[in-house]
Amino acid sequence: MNVWPRVRLDQCTEVVSGATPDTSESSYWDGDICWTTPKDLSGLDGAYISDTPRKITRRGLESCAALVLPPESVLLSSRAPIGHVAINTVPMATNQGFKSFIPDRHRVHSKFLYHWLRKNRLYLESLGNGATFKEVSKAIVAGIEVPLPPLAEQRRIAAILDKADELRAKRRAALAKLDSLTQSIFLDMFGDPVTNDRGWPSNTVGYFIAGFETGKNLVADDEDDDSDGLRVLKVSAVTSLRFRPEESKALPSGYVPPPSHFVRKGDLLFSRANTQELIGATALVEHAPAGLVLPDKLWRFLWHDEPRADPRFVHWLFRQPKLRFELGRRATGTSGSMKNISQEKVLDIRVGLPELPLQREFGRIAYAIDRLRQIGEAALSTINTVFISLQYRAFQGEL
């Protein structure tokens, strides 16, 4: 293992804070200077940021304490949240939610610093202070020590981590394409069932769904170790549109749920309480770990004895944007709060319903694609594990 000198960030970079011009002054905005916020980094695909949704004018820049960072600076979000990292490819200013670094080109390589900050996100988060939200101060950031091998070694390490990260990105992109494929097949086979542009027989949801079954409002605890092995699902178990059993909390010891409250393989679950965008999210239970219990905010679809709909078709039906919009429109709750929808309002929605054999054909195709996705997710998990190992070894001098 190589032992590299550890150097404070303010000794190998210039640490720069950001600022925001007065938002009420129109002459400060809609200029040609890129100006970024931590939110802009949250959905970034890759290391680099080349443009920003909002831009400021020269007057706006001069009106506040923001500075224009040269290309190849390293941007670190220091609050809301702590730990997003990016490298700018064009001159760019930031708001006050950043502590950014202009590297000394003779001492530190931007991509090496980028990877070190990403690897140490939990450490950076632990440095935050504040009652309302955590923030890392400029003084604390300046004093962080990073290991600095020679520049040639920094570039070599960064190149290895770049390559591994590229493999992860390609796998994520492939998984996203599988979702797009299933959606494309759905639309090709059925059109839009809400507008019913194919002229399928029109029916209410209550025609092909016998109803819903729900659990109980249960007090649960993430940290409870005395739970008799029982766990209650969180709403987030279905909001990714796939079943995530790990999104659950331990139930207090001694509670015995009725058999109907346990999650079963084959269940199609529905979120009846959520934000405007996520209400009505569904997830198919391909595998149900023992001891999982339904909460009151999740419903289980119930089916007629003589089936009128295929569960996979219904799952993708409820993923269609216009149906999700209709669910949100029918939900109740104040703006910005948790929305709720009644069973009656769901069952009363009218859609075009293709014949059952065609639904089942789609279900077989969707199942095959889901199997490919499961294989891809397993591969991505392996790649992620390898990447974490590479990160550790890289900054221990073991690559």
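I looked up Glu 72 and found it in the loop between α3 (58–62) and β6. Helices here are DSSP runs of H or I with at least four residues, strands are runs of E with at least two, and both are numbered from the N terminus. The model is predicted, so I note that local features need pLDDT of at least 70 and side-chain atom pairs count only at pLDDT 80 or more, while totals for chains, interfaces and linings use all residues. Residues are numbered from 1 along each chain as its sequence is written, and side-chain values use heavy atoms, with hydrogens and water left out.

**Backbone entries**

I read a phi near 75° for Glu 72, a positive value in a residue other than glycine. Glu 72 counts as partly exposed because its relative accessibility is 32%. (Buried means under 20% relative accessible area, exposed over 50%, partly exposed in between, with a 1.4 Å probe and protein chains only.)

I went on to Ala 80, in the loop between β6 and β7. Ala 80 is not a glycine either, yet its phi is positive, at about 45°. With a relative accessible area of 57%, Ala 80 is exposed. A cis peptide bond with omega of about 0° joins Ala 80 to Pro 81. I placed Pro 81 in the loop between β6 (74–78) and β7 (82–88).

I found Pro 258 in the loop between β14 (248–250) and β15 (268–271). Its relative accessibility is 33%, so Pro 258 counts as partly exposed.

**Aromatic entries**

How many aromatic pairs does the structure hold? I noted 16. Rings of Phe, Tyr and Trp (its six-membered ring) pair if their centres lie within 6.5 Å; planes under 30 degrees apart count as stacked, over 60 as edge-to-face and the rest as tilted.

Phe 186 and Phe 313 are stacked, because their ring centres are 5.6 Å apart and their planes are at 20°. Phe 186 is in helix α7 (residues 151–190) and Phe 313 in helix α9 (residues 311–317), so this pair ties together parts 127 residues apart in sequence. Phe 186 is buried at 0% relative accessibility, and Phe 313 is buried at 0%.

I then checked Phe 301 and Trp 303, whose centres are 5.8 Å apart with planes at 15°, so they are stacked. Phe 301 is buried at 3%, whereas Trp 303 is partly exposed at 27%.

**Charge over ring**

I found the charged end of Arg 54 over the ring of Trp 29, 4.0 Å from its centre. (The rule asks for NZ of Lys or CZ of Arg within 6 Å of the ring centre and within 35 degrees of the ring normal.) Arg 308 lies over the face of Tyr 207, 4.6 Å from the ring centre.
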